[in-house]
There are 2 protein chains.
Amino acid sequence: MTGTDRQGYYSHAQQGEHEYFDLGGFVLQSGYTLPNATLAYRTHGTLNAVKDNLVLFPHMYSGTPSSLDDYIGPGKPLDTDEYFVVCPGQLGGGLSSSPSNTPAPFDRGQFPAVAIADDVLAQYRLVSERFGVEQLHAVLGWSMGAQQTYEWAVRFPDMVPRAAAFAGTAKTPVHNQVFIDLHLELLRSDPAFADGFYTDSADVHLGLRRHAIAFSLEGFTHEWYRGEHWRALGFATSNDFRQSFIRGYFAPMDPNNLITQANKWWAGDISPHAGGSLPAALGRITAHFFVVPFGGDSFFPVEDCENEAGHLPHGELRVIDTPAGHFAMFGLRPQDTERISAVMTEMLSSPGYTI
Amino acid sequence: MTGTDRQGYYSHAQQGEHEYFDLGGFVLQSGYTLPNATLAYRTHGTLNAVKDNLVLFPHMYSGTPSSLDDYIGPGKPLDTDEYFVVCPGQLGGGLSSSPSNTPAPFDRGQFPAVAIADDVLAQYRLVSERFGVEQLHAVLGWSMGAQQTYEWAVRFPDMVPRAAAFAGTAKTPVHNQVFIDLHLELLRSDPAFADGFYTDSADVHLGLRRHAIAFSLEGFTHEWYRGEHWRALGFATSNDFRQSFIRGYFAPMDPNNLITQANKWWAGDISPHAGGSLPAALGRITAHFFVVPFGGDSFFPVEDCENEAGHLPHGELRVIDTPAGHFAMFGLRPQDTERISAVMTEMLSSPGYTI
């Protein structure tokens, strides 16, 4: 399927140009073989001759490889004059192999469970086989991108000298799992969802709308609403913001794709790398690792990030307080974007450590 | 309907003995007249001869007048050797007039909207007409009980010398309204809900289960799950706790009753008493008023409570930090119950202020 464009919301017309890496029959952690699996990716800049300037930037839940383009380019923290930035699409993200683009018997409601490790193993093949890169300059990500960042750092410590995890953890907190249970229930509650065997994702508009309420609640802080910070985005009321911004954002997406990603998010955990001990797994990470929680984040609280950072041999903690909470990296407030960019720059130019 | 017992979950067999006050045709804030309206109440102790020992203790969302019995009795903070404690049932609470016990054309899905002010006006008639009391010793409550406490204090300042609002605000925060939107959506999502015209509330088990997830999420803090504080209650896993405790608690309730209460909760706001200014409305409260937020409460955050307390002429702020968050008053942790009881005792024995 290399080079094949996707349909609708997940098309190049909507998401910008991408390329595709053929994974062949890809054996998943769940024990299923995904036939003709593909990994979509978007690149910025040029791989240098010595192949030491690749920065890997996987995306968050509901995102695509172009979601975080604003942090990339000449003069941006991911400066394309210096770095070759590779933004891989999540399995289940709609551009890589996903419920929305895979034929039977793995289509729609019968797409197999995928894991954060599956994404990282697919990305490993991309950077090794397609680009011949033996060591990344860095890996970084936000939310589910942070989960992939942790998995990269513990699984391939010799390849990851630098890393930054924004608003994400190495192991999903239980409270966050309760949120995921809730938002999955909301998506599935729509009778039109039909156990995942709808013909058009737009028919599941009720489930998508309900699901959006959960993100209106937990994606932002109390202060976001108390201080009416949505006003700076040009909305008239909080309901206007919720409808136009949050509902509008999720409305065109595919529910099965979202569910596939959410189940991965729920199960995020690097502790199996060390017999179930999270501190021991974190202790194996040799990278210069920047842990960047967002103050007031209801998904990945500062406390959990601090706890994890304490077990990283070369951990650096940078807390960014913001009323935008988990969604700070969406670029909603210029002051948040500045602080996030500053940490990216600090990490990218920091000394790297490997085994 | 005075003296008529209710059915099922809302019966005396389930909820303990109650009495009923006949409100007659009761005109609601929403402009509807509820025919033969009744206010259920439960009393503890004895009204003294000079009628100055009545303590009013309205209940929270989903509760009944017996929900907080544990704080009442000889040697308890609401000491029945000293106080005559009156626990009124919310309109919509299942014992007072509610969707579950009102005949057509106000039954089930067509019960009219009620407001916090309706509860307080009904309670005013109870204490004035039935008990001949002109001034309460105090009013206090938790969550929606706190909302009623604020409404009492601003509406009848000459009757309320002392008050305590536990984990509640004078105006519902917007973030909390998003939560209420979410949990209403969950209740209504069950096809068996049938727009409120189900015949047996047990048929709406899917909606009740979904609704319970929202409270598993926001009723507790991250630390509740992170620190596995549910273990002290004897549960084996967090799922075990969520199913047995949270789902089990809500399962026997009537969805229309919950929705009626939730809409009241959403609209909680004393600012109309002062032309829409919350600070001005708070400034009219003459009572010695104890504001008692619970640390980590996702419904009524400490910040909102602090802001409101700052406008109370005789406000006292007592923050109770606890991993149980909003649900601390359920008696889940003895140390929380002790601190809550201590504030109750302090408030009840404090100097009272009136106009």
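Predicted model: local features only at pLDDT ≥ 70, side-chain atom pairs only at ≥ 80, totals over all residues.
Residues are numbered from 1 along each chain as its sequence is written, chains are lettered from A and ligands numbered from 1 in the order in which they are written, and side-chain values use heavy atoms, with hydrogens and water left out.

The interface comes next. With contact meaning heavy atoms within 4.5 Å, chain A brings 29 residues to the meeting and chain B brings 29 residues. Because 100% of the interface residues of chain A are also interface residues in chain B, the copies meet through the same surface. The buried area (the accessible area, with a 1.4 Å probe, that two parts lose on being put together, summed over both) is about 2,700 Å², with 67% of it on carbon and sulfur atoms. His175(A), Leu217(A) and His222(A) supply 26% of the area that chain A buries against chain B, more than any other three residues.

Charged pairs also join the chains. A salt bridge is a side-chain nitrogen of Lys or Arg within 4 Å of a carboxyl oxygen of Asp or Glu; the whole structure holds 30 of them over all chains, and six lie between chain A and chain B. In one salt bridge, Asp181(A) pairs with Arg242(B), with 2.9 Å between the closest N and O atoms. Another salt bridge links Arg125(A) to Glu129(A), again with the closest N and O atoms 2.9 Å apart. Since they are four residues apart in helix α2 (residues 116–130) of chain A, Arg125(A) and Glu129(A) are separated by about one helical turn. Helices (H or I, at least four residues) and strands (E, at least two) are DSSP runs, numbered from the N terminus.

The largest pocket has about 700 Å³ of space. A pocket is an open set of points on a 1 Å grid over the protein atoms alone where a 1.4 Å probe fits, with protein on both sides within 12 Å along at least five of seven lines; lining residues have an atom within 4 Å of a point. Grid points are joined across faces, edges and corners, and the volume is the space filled by probe spheres set on the points. Of the 29 lining residues, the closest to the centre are His222(A), Gly296(A), Ser298(A), His222(B) and Gly296(B). Two or more lining residues come from each of α6 (222–226) and α10 (302–309) of chain A, and likewise from α6 (222–226) and α10 (302–309) of chain B.

Finally, the backbone deserves a look. A cis peptide bond joins Ala104(A) to Pro105(A), with omega about 10°, and Pro105(A) sits in the loop between β4 (84–88) and α2 of chain A.
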